[in-house]
Amino acid sequence: MPRERPSFNIIAVLAALVFIAATGVEGVGAQIRSDCCEDPFSDLGIQRHHHDSPAKVASRSVGQDAIAAIQEVVGLLLADPNTDWSRVSINRLRQHLVDLDEVMLRAVAEEREIERGLEIRVSGPAPTLEALARVVPVHVDAMGEFRGWKMDVEKLESAVQLTLVASGDGEQEVIRAMGFFGLMASGVHRPHQLLGVARGL
């Protein structure tokens, strides 16, 4: 009985394997990424990590997924030959993530409209209040002249008070729409900042 010819699918698979062996897996992967996959993080100003450019390493993890964030930051630190391990603290990064969790999920913000802006009183249980005292002043200071807003922070006995005042027409609507939690999610708490926290920058 004559032997069955290989099906077209088998021939296609064998051809693909030969092509990969000839060109190299990394070359194929790079070509696929170049042809069909635009970087979804490019619009956020977040650099992807490449082994040949350690100065541009940056974490893409964000949100409350602390394990994933720490895993990625550790991987980036290990991959960067210029990492100054004497300044690195993963415990500091973890505490920062705990503080963000407290602030974003457990804080209570009472917002009152004032002329051209908002006055916000933020409070919560003891751990949340401690996190607010650590995170909010540093965050506001790091934001600098964000959109030209004037931002003042005052630590009270049982709350943190934040005053936001717009400097231009139309900005007061932005301030009132964003409120406290929109402000805390803006400016400096982008994913790549987690790497800076771990490095003590």
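Let's start with E171, which sits in helix α6, residues 171-184. Keep in mind, everyone, that this is a predicted model.

So, is E171 buried or exposed? Its relative accessibility is 14%, and because buried means under 20%, E171 counts as buried.

What does E171 touch, once we set aside its neighbours within four places in sequence? The contacts are R147, W149 and A166. Take W149 from that set: 22 residues separate W149 and E171 in sequence, while their C-alpha atoms are 8.2 Å apart in space.

Now over to the sheet. We have four strands in an open sheet, ordered β1-β2-β4-β3, and the pairing is antiparallel. Which strands stand at the edges? Those are β1, residues 108-114, and β3, residues 150-155. Each has a single partner strand, so one side of each is left without a neighbour in the sheet. On average, neighbouring strands here are turned by 15° against each other, direction ignored.

Let's look at one pair, β2 and β4. How many bridges join them? Six bridges link β2, residues 117-123, with β4, residues 160-165, and the two strands run antiparallel.

Last stop, helix α5, residues 126-143. This helix lies across β2, β3 and β4, and its direction is at about 155° to β3.

Thanks, all, and I'm happy to go back to any of these views.

Conventions: Residues are numbered from 1 along each chain as its sequence is written. This is a predicted model: local features need pLDDT of at least 70, side-chain atom pairs count only at pLDDT 80 or more; totals for chains, interfaces and linings use all residues. Side-chain values use heavy atoms; hydrogens and water are left out. Buried means under 20% relative accessible area, exposed over 50%, partly exposed in between (1.4 Å probe, protein chains only). Contact means heavy atoms within 4.5 Å. Two strands pair if DSSP finds at least two bridges between them. Axes are lines fitted to C-alpha atoms, for helices over the stretch in contact, and angles run from 0 to 180 degrees between N-to-C directions.
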